[in-house]
Amino acid sequence: MIEAQGLTKRYGKTLAVDDLSFSVKAGRVTGFLGPNGAGKSTTMRMVLGLDTPTSGTVRIDGKRYRDLKDPLRTVGALLDAKWVHPNRSARAHLAWMARSNRIPAARVDEVLDVVGLTAVAGKNAGGFSLGMSQRLGIAAALLGDPQVLLFDEPVNGLDPEGILWIRRFMHRLAEEGRTVFVSSHLLSEMALTAQELVVIGRGKLIAQTSTEDFVAQATENTVRVRSPQLDELRSALGRTGVHLKDDGGALVVSGMDAAEIGELAARTGAVLHELSPQRGSLEEAFMQLTGDSVEYHTDVAAEAAQLLATGPQGVTR
Ligand SMILES: Nc1ncnc2c1ncn2[C@@H]1O[C@H](COP(=O)(O)OP(=O)(O)OP(=O)(O)O)[C@@H](O)[C@H]1O
């Protein structure tokens, strides 16, 4: 469990993290979502005692990082996957970490196996691909078998196979009862990876909720209807006071669910050629909620445009 209370970090004039309070529960994958520059990395560094808050506190299982007796056995983190001596083998890197943290040497081969690096354990980490470096970073985070894990943008730059591996791995860690806190600016990725969300913009908390509720609350769910008797249906629907929008030979209805529309159509004698609920997407929710709190509008707009161009991506589980 991670708990932040009024967490604030100021760098000169920049308020990187602004009075942030949230909690991250065990047994779930919690996404830490926000546009670039929102303050995610700064927050994670404060959780790990690498940065001192200007004010406020953040505790791991009730303790500040610096008060943990055995930090590596309590919390593991992947912040920068390239933080490895390039001429050191994966095994030597982990063995060095294990030695300096009084972790039994046998644990090194265990974690290499868990992340699927056993076959390349003797190779220099400098020659690793980004995906392999990420796995090595995750192996390092797991060395002390910690209950709390933090991952900062772990899928950045990975190919689809690497992304899928990380996603499944996070779910597995959460199923083992661990606290998994993973940051990302990738909205569609978080919809697939995270069960809970902590959403921030410009250092401030925007929402803390389940991914599903976040989408449901932030976006209006609508139903798309097509019928050869569209005019009759439009009039009947109009009399109920719901909101209607014409969309190229179809009607988009908000404020009434598909079952009710189907029943109304039957009473009206309208044949239905389409009755399809449209789910709000995480991107829409994110755009609505972060609104003017995003630091770089162009980034988010470009990303949203790209996502829309590749088709609507609702929450699929
Ligand atoms: N050491 C620092 N000195 C000065 N400003 C900093 C420092 N670290 C971060 N900032 C500023 O604090 C704000 C939050 O940065 P942070 O890196 O935490 O955001 P982020 O959400 O992790 O974004 P990104 O995904 O782009 O890393 C930014 O405006 C950034 O420029």
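In which loop is Arg202 found? In this predicted model, Arg202 belongs to the loop that joins strand E8 (196–201) to strand E9 (204–210). The legends below begin with the whole chain and then turn to single elements and residues.

**Figure 1. Overview of the protein chain.**
The predicted model contains a protein chain with twelve helices and 13 strands. The chain is divided into domain 1 (2–216) and domain 2 (219–278), and the C-alpha centres of domain 1 and domain 2 are 46 Å apart. The chain has 317 residues, of which 38% count as buried. Among contacts with a separation of 6 or more, 71% are made by residues 24 or more positions apart.

**Figure 2. The shell around the ligand.**
The residues that surround the ligand are Tyr11, Thr14, Ala16, Gly34, Asn36, Gly37, Ala38, Gly39, Lys40, Ser41, Thr42 and His185. Strand E2 (14–24) and helix H1 (40–47) are the elements that contribute two or more residues to this shell. The most is given by H1, with three residues.

The buried residues of H1 are Lys40, Thr42, Thr43, Met44, Met46 and Val47. Of these, Lys40 and Thr42 are also among the residues that surround the ligand. After H1 comes Gly49, which has a positive phi near 70°.

**Figure 3. Helix H4 and its buried face.**
Helix H4 (residues 106–114) has Val108, Val111 and Leu112 as its buried residues. Viewed down the axis of H4, these buried residues lie within an arc of 105°, so they line one face of the helix. An α-helix has 3.6 residues a turn, so residues three or four places apart point the same way. On the face of H4 turned away from the buried side are the exposed residues Ala106 and Asp113. Helix H3 (90–100) and helix H5 are among the elements that cover the buried residues of H4. Gly116 follows H4 and has a positive phi, near 75°.

**Figure 4. Ala141 in helix H5.**
Ala141 is a residue of helix H5. Is Ala141 buried or exposed? Ala141 counts as buried because it has 22 C-beta neighbours inside 10 Å, where 20 or more are required. Leaving aside residues up to four places away in sequence, Ala141 touches Gly76, Ala77, Leu78 and Leu149. Between Ala141 and Glu110 the separation is 31 residues in sequence and 13 Å in space, C-alpha to C-alpha.

**Figure 5. Helix H6 and its two sides.**
Helix H6 (residues 160–175) has 16 residues and reaches 23 Å from its first C-alpha to its last, close to the 22 Å expected at 1.5 Å a residue. Within H6, the residues Ile166, Phe169, Met170, Leu173 and Ala174 are buried. Just after H6, Gly177 adopts a positive phi of about 95°.

**Figure 6. Two loop residues with positive phi.**
Most residues other than glycine have a negative phi. Asp145, which is not a glycine, has a positive phi near 50°. The position of Asp145 is in the loop between H5 and E6. Because 15 C-beta neighbours lie inside 10 Å, Asp145 counts as partly exposed. Arg202 likewise has a positive phi, of about 50°, although it is not a glycine. The loop that holds Arg202 lies between E8 and E9. With 19 other C-beta atoms within 10 Å, Arg202 is partly exposed, since a residue is buried only at 20 or more.

Technical notes:
Residues are numbered from 1 along each chain as its sequence is written. This is a predicted model: local features need pLDDT of at least 70, side-chain atom pairs count only at pLDDT 80 or more; totals for chains, interfaces and linings use all residues. A residue is near a molecule or strand if its C-beta atom, placed from the backbone, lies within 6 Å of it. Helices (H or I, at least four residues) and strands (E, at least two) are DSSP runs, numbered from the N terminus. The expected span of a helix is 1.5 Å times one less than its number of residues. A residue is buried if 20 or more other C-beta atoms lie within 10 Å of its own, exposed if 12 or fewer, and partly exposed in between; C-beta atoms are placed from the backbone. Two residues are in contact if their C-beta atoms, placed from the backbone, lie within 7 Å. Domain bounds come from an automatic or database domain assignment. The arc is that of the directions from the helix axis to the C-beta atoms.
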